[in-house]
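Welcome, and thanks for opening your viewer.

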Amino acid sequence: MDLEVTDHLLGTTRAVRRKLDLDRPVEREVLLDCLRLAVQAPTAGATQQWRWLVVRDQERRNRLGALFREVGTAYLDAKVADSPQRARTLASARHLVDIIERVPVLVVPCLLGRPHGGNDALSVFYGGIFPAVWSFQLALRARGLGSTLTSYHLEREAEAAEILGIPADVTQVGLLPVAYTTATDFKPAPRTPPEELTYQDSWGSPL
Ligand SMILES: Cc1cc2nc3c(=O)[nH]c(=O)nc-3n(C[C@H](O)[C@H](O)[C@H](O)COP(=O)(O)O)c2cc1C
């Protein structure tokens with residue numbers, strides 16, 4: 001393993017909203033290459049209940065984008081920018097809401113079935129796709145594309161299902177706007193150091 005390259009990829013794969021190239025087409029092959037890597041991700045019992053809906057059609061992007069914008073705007077209007085970092089994230093999120101239907105590809109990761117049950121069942125259900133979603137995002141980044149995992153439109157999941165022809169027993173887990181990026185010099189984000197978040201043997205004892 002080339003640790004330098006691997007660590008750079010893992011440490012600099014950001015939510016990309018502003019630096020998306022809206023004019024450069026995204027090839028089917030590059031999407032399939034990234035999805036081929038994504039589906040190497042683990043699932044409980046190796047069940048692989050995922051499906052991936054790649055939305056390229058402009059009419060459908062417009063309709064999905066309208067839902068995204070309505071929910072996203074209401075969500076962002078209610079947020080307070082209580083730090084410069086937070087203000088930057090909110091401005092970036094607002095930008096994405098403004099341009100959503102112009103992003104060349106919108107990917108909706110889906111799971112067969114509907115969520116039900118307690119923490120154990122829900123953990124297995126959603127855990128059956130999010131590792132793959134993140135692998136997809138990493139694979140995109142390695143090829144010069146960017147994405148953001150978003151959840152706004154799930155508030156109107158049934159309407160999105162109607163736009164995309166998704167059956168009622170299938171669960172959408174998010175929406176990823178995907179495009180080539182206009183920059184590649186992404187940086188590690190400020191994060192609380194793991195030493196402050198990690199315990200050994202009992203809750204609160206430092207590692
Ligand atoms: C489950 C989940 C849902 C998210 N939903 C949204 C969303 O609806 N809109 C958005 O702009 N970003 C969304 N994000 C992206 C986060 O805002 C982003 O990861 C966070 O700001 C940290 O930025 P970074 O990924 O560049 O480090 C979501 C991320 C996760 C993991």
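**First stop: the annotated domain**

Select residues 14-180: over this stretch the chain is 46% helix and 15% strand, and the end C-alpha atoms are 13 Å apart. Helices (H or I, at least four residues) and strands (E, at least two) are DSSP runs, numbered from the N terminus. The range comes from UniProt, where an unreviewed entry carries the annotation "domain: Nitroreductase" for residues 14-180. UniProt positions are given here in the numbering of this model, with feature names shortened, and such annotations may be inferred rather than shown by experiment.

A word on what you are viewing: this is a predicted model, in which local features need pLDDT of at least 70 and side-chain atom pairs count only at pLDDT 80 or more, while totals for chains, interfaces and linings use all residues. Residues are numbered from 1 along each chain as its sequence is written, and side-chain values use heavy atoms, with hydrogens and water left out.

Now colour strand E2, residues 105-112. Seven of its eight residues are buried, so E2 is largely enclosed by the rest of the structure. Buried means under 20% relative accessible area, exposed means over 50%, and partly exposed lies in between (1.4 Å probe, protein chains only).

Which strands pair with E2? Two strands pair if DSSP finds at least two bridges between them. Take these partners in turn:

- Strand E1 (residues 50-55) runs antiparallel to E2, and six bridges join them. Show Leu53 and you will find it opposite Val108 in E2.
- Strand E4 (residues 170-172) is also antiparallel to E2, with three bridges. Cys110 stands opposite Gln172 in E4.
- Strand E5 (residues 176-180) pairs with E2 in the antiparallel sense over three bridges. Val105 has Val178 in E5 as its bridge partner, and Leu106 stands opposite Pro177.

While the side chains are on display, recall that in a regular strand they alternate between the two faces of the sheet.

Strand E3 (residues 145-147) pairs antiparallel with E5 over three bridges; pick Leu145 to see it opposite Tyr180.

Go back to Gln172 in strand E4. Is this residue buried or exposed? Gln172 is buried, at 3% relative accessible area. Draw a C-alpha to C-alpha distance from Gln172 to His153: the two are 19 residues apart in sequence and 9.4 Å apart in space.

The shell consists of Arg14, Ala15, Arg17, Thr89, Ala93, Thr148, Leu149, Thr150, Ser151, Tyr152 and Arg191.

Now look for N or O atom pairs within 3.5 Å. A backbone N or O atom of Ser151 is 2.8 Å from a ligand oxygen, and an N or O atom in the side chain of Arg191 is 2.8 Å from a ligand oxygen. Tyr152 places a polar side-chain atom 3.2 Å from a ligand nitrogen. The ligand on its own has 620 Å² of accessible area, of which the protein covers 62%; accessible areas come from the Shrake-Rupley method with a 1.4 Å probe, and for residues only the protein chains shown count as cover.

Thr12 lies in helix H1 (residues 3-12) and is buried, with a relative accessible area of 3%. Its side chain reaches the backbone oxygen of His8 at 2.5 Å. The side chains of Thr12 and Arg141 are also joined, by a polar contact of 2.8 Å; within protein, such a contact needs one atom able to donate a hydrogen and the other to accept it, and residues adjacent in sequence count only if both atoms are side-chain atoms.

Next, find Arg36 in helix H2 (residues 28-38). Arg36 is partly exposed at 47% relative accessibility. Phe136 is 100 residues away from Arg36 in sequence, yet their C-alpha atoms are 8.5 Å apart.

**Last stop: the loop between H2 and E1**

Most residues other than glycine have a negative phi. Ala46, in the loop between H2 and E1, has a positive phi of about 50°, and it is exposed at 53% relative accessible area. Gln48 is found in the loop between H2 and E1 and has a positive phi of about 45°; Gln48 is partly exposed, at 41%.

Methods:
Near = heavy atom within 4 Å.
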